Amino acid sequence: MSGQEIFVIIIVVLLLFGADKLPEIAKGIGKGMRDFRKATDDIKREFEESTSDIRKDFNEVTSSINSQVNDISQDIQKDVNDITDDLQKGVDDFKSDIDKDVSEVKTNLESEVNEVKDSIGKDVSEAKDNIESNAGENKSTYKRTINEPDDNSYNYTD
C-alpha cells in the first residue's frame with residue numbers, strides 16, 4: 001500500500017471511532033498482529049518438526065538409491081570394458097591369422113607361378129629348337145602338276 005492509501009484509512013478510522021479510541025484500536029491491532037505472527041510461527045515450527053523425520057528418511061533413501069545406482073553403473077561399465085577388450089583381442093587374433101594365411105597363399109601362388117613360368121619357358125625353348133631343327137629337314141620338294149589349282153596355298157619350291 002502506498003502512503004496516500006494508509007493516510008486515507010487513518011482518516012476513515014478517526015472519523016468512525018474518534019480520536020480517544022484510536023490508541024486502543026492500535027493496541028488491539030498490534031496485539032492481534034503479534035498473536036497472528038506467534039500462531040504462524042508455531043504452525044511453521046510444528047510443521048518443520050513433523051516433517052523433519054520424513055525429510056531425514058527421504059534423504060537416506062535418496063542417498064541409498066544414488067549409491068546403488070553408482071555401484072551398478074560402475075559394474076556395468078567394468079563389464080562393458082571387459083567385453084570390449086575380449087572382442088578386440090579376438091579381432092586382433094583373427095586378423096593376425098588371416099594375415100598369416102594370406103601371406104602363405106601369396107608365397108605358394110608366387111612359387112607356383114614361377115614354376116609355371118619356368119615350365120613354359122622350357123617348353124617354348126624346346127618347341128623353338130624342334131621347329132628350327134625340323135625346318136631344315138622338312139622342306140617340301142613337291143612340284144605342282146598342271147591339273148592342280150593355283151590357289152597359293154601350297155609352299156612351292158623349284
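Is arginine 55 buried, partly exposed or exposed, and what is its relative accessible area? Arginine 55 is partly exposed, with a relative accessible area of 41%; buried means under 20%, exposed over 50%, and partly exposed in between, using a 1.4 Å probe and protein chains only.

## Basis of the model

This is a predicted model, in which local features need pLDDT of at least 70 and side-chain atom pairs count only at pLDDT 80 or more, while totals for chains, interfaces and linings use all residues. Residues are numbered from 1 along each chain as its sequence is written, and side-chain values use heavy atoms, leaving out hydrogens and water.

## Helices and surface

The protein chain has two helices and zero strands; these are DSSP runs, with helices (H or I) of at least four residues and strands (E) of at least two, numbered from the N terminus. Helix H1 covers residues 3-17, and glycine 18, which follows H1, has a positive phi near 90°.

Of the 158 residues in the chain, 1% count as buried.

## Salt bridges

Side chains of opposite charge can pair when their charged atoms come close. The whole structure contains three salt bridges, each defined as a side-chain nitrogen of Lys or Arg within 4 Å of a carboxyl oxygen of Asp or Glu. Arginine 55 forms one of them with glutamate 48, at 2.9 Å from N to O. Glutamate 48 is also partly exposed, at 41%.

Aspartate 42 pairs with arginine 45, their closest N and O atoms being 2.9 Å apart. Both residues lie in helix H2 (residues 22-137), three residues apart, about one turn of the helix.

Definitions and conventions: The expected span of a helix is 1.5 Å times one less than its number of residues.
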